Amino acid sequence: MTKAAPDKASTNFKLLLIIVSDLTRNKLRVLLYLMVIVSAMAVTLSSHHNRQQVIALEDLMQEKDELDVEWRNLVLEQRALTEHNRIENLVEKQLEMYRPTADDEVVVRLK
């Protein structure tokens, strides 16, 4: 009255044999499937690499803009520091120098 239950290990083994036999019969399909998987992975990796490069480019562009602003400020500062009137006032106040008058000029004659 009792039936013996089929052995689970033999059932798994039979299933494995069926899968292997299907794979060996349809080699082209298996190859195409593997190529689709590899292609999908390549697309994923390339899009990730592209995003990383875009992020790096944006960071470099932002740094370029900051350096450009700093350069413009330095140019303005240089112009302000090298104005003729400012230099003349500093020379008169700090070094106590003055423009020579016509009486103070000395002409040196060379032979």
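**View 1. Lys-64 and its salt bridge to Asp-65.** Lys-64 sits out in the open: with 54% relative accessibility it counts as exposed (buried is under 20% relative accessible area, exposed over 50%, partly exposed in between, with a 1.4 Å probe and protein chains only). The closest N and O atoms of Lys-64 and Asp-65 are 4.0 Å apart; a salt bridge here means a side-chain nitrogen of Lys or Arg within 4 Å of a carboxyl oxygen of Asp or Glu. This is a predicted model, where local features need pLDDT of at least 70 and side-chain atom pairs count only at pLDDT 80 or more, while totals for chains, interfaces and linings use all residues. Residues are numbered from 1 along each chain as its sequence is written, and side-chain values use heavy atoms, leaving out hydrogens and water.

View 2. Asp-68 is partly exposed at 29%, whereas Arg-72 is exposed at 53%.

**View 3. Asp-22 and Arg-25 in helix H1.** This salt bridge brings N and O to 2.4 Å at their closest. Asp-22 and Arg-25 are about one helical turn apart, because three residues separate their positions in H1 (residues 8–25). Asp-22 is partly exposed at 33%; Arg-25 is exposed at 61%.

Definitions and conventions: Helix = DSSP H or I, 4+ residues; strand = E, 2+ residues; numbered from the N terminus.
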